Amino acid sequence: MKIYLFIFFTLASLIALTFSTHAQQPTAPSGQQAPGPEPEDTEVWQPVPKVVTPGATNSAPPSDAIILFDGKNLDEWVSAQDKSPAKWSVAGGVLTVNKAAGNIETKRSFKNYQLHLEWRVPENITGSGQARGNSGLFLASTGPVDAGYEMQILDSYNNSTYVNGMAASIYKQAIPLANPTRKPGEWNVYDVVWTAPVFDSDGSVKSPAYVTAFFNGVLVQNHFELKGETRYIGAPFYKQFNGAPIKLQAHGDPSEPISFRNIWVRELP
């Protein structure tokens, strides 16, 4: 009798388990298999990205770029001090720093963008350390002199200095991941993605600034989070702004002035 009871309860358990398993499966019409996921379930068709025609080379501006300097004039630039016309030298398709005239900045203000810029330290450069081919690319200029967010420009080819002040550093904040500087007389290339800080209505930081940068094709800043404005002395801090010009520095060191060419920017969301 015990054997028959054991068999009965075993069969009952198996039947109950079978009904439970079927109850959990998707229902389908009689004789058909329940539908599974399809490739179309994960396809996104809208919005369609805009068409951008690339430049003839990777250094040439694409079709949606704003040309900041193409070798012809300084129509896109003003003095950072008083907004008067920029007084740097343009000759042979090249823009050369006029140290006596001070910093220059773009007439336009920008938020997030992709920037391309080429710079050259003269072959006859003199000096050492920070006094050798010094300049700066201010990704957001928040004042007339050196206020803002600076990516350093410097002759860092066989030239020692503090590493958070060498070429491609985020000045006094981020050491570059590599030093691919070309020797004096050759052109260097910066390709930068700038994400501007966002502020709440009370001036507090909602999201910080970020920089990704390639120097002569080498990644040197990888989505670095800035601690605030770059400062020569003291700790960095944020102050509220909503869009800012791009600024180039006329550094006061006594070495021969550096030059620029082929500067363009693409505004990003």
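**Salt bridges and a nonpolar patch in a predicted model**

R266 is buried, because its relative accessible area is 16% and the cut-off for buried is under 20%. R266 forms a salt bridge with D64, and the closest N and O atoms of the pair are 2.8 Å apart. R266 belongs to strand β15 (residues 259-267), whereas D64 lies in the loop between α1 (2-24) and β1 (66-69), so the bridge ties together parts that are 202 residues apart in sequence. D64 counts as partly exposed because its relative accessibility is 22%.

Side chains of opposite charge can pair when their charged atoms come close. In this model the count of salt bridges comes to eight. One of them joins E105 and K83, with 2.3 Å from N to O. This pair links distant parts of the chain: E105 sits in strand β5 (residues 104-106) and K83 in the loop between β2 (77-79) and β3 (89-91), 22 residues apart. E105 has a relative accessible area of 3%, so E105 is buried.

Another salt bridge runs between K239 and E229, where the closest N and O atoms are 4.0 Å apart. K239 and E229 are both placed in the loop between β13 (218-225) and β14 (247-248), 10 residues apart. E229 is buried, because its relative accessible area is 4%. Elsewhere, salt bridges that share partners join K50, D64 and R266 into one network.

The surface also carries a nonpolar patch. Y162, Y232 and I233 make this patch, which has an area of about 370 Å². Y162 is located in the loop between β8 (148-153) and β9 (187-195). With 31% relative accessibility, Y162 counts as partly exposed, and Y162 can belong to the patch because the cut-off for patch residues is over 30% relative accessible area.

How confident is the predictor, and where is its pLDDT below 50? The mean pLDDT of the chain is 91, and 88% of the residues reach 70 or more. Over residues 1-12 the pLDDT is below 50, and this stretch has zero contacts in the model beyond near neighbours in sequence. Residues 14-26 also have pLDDT below 50, and that stretch has one contact beyond near neighbours in sequence.

Note on methods. Residues numbered from 1 in each chain as written. Predicted model: local features only at pLDDT ≥ 70, side-chain atom pairs only at ≥ 80, totals over all residues. Heavy atoms only, no water. Patch = residues over 30% accessible without salt bridge, like charges linked within 9 Å, V, L, I, M, F, W, Y side chains within 5 Å. Areas by Shrake-Rupley, 256 points an atom, 1.4 Å probe, with all protein chains shown as cover. Salt bridge = Lys/Arg side-chain N within 4 Å of Asp/Glu carboxyl O. Helix = DSSP H or I, 4+ residues; strand = E, 2+ residues; numbered from the N terminus. Buried < 20%, exposed > 50% of the residue type's maximum accessible area, 1.4 Å probe, protein only. pLDDT = per-residue confidence, 0-100. Contact = heavy atoms within 4.5 Å.
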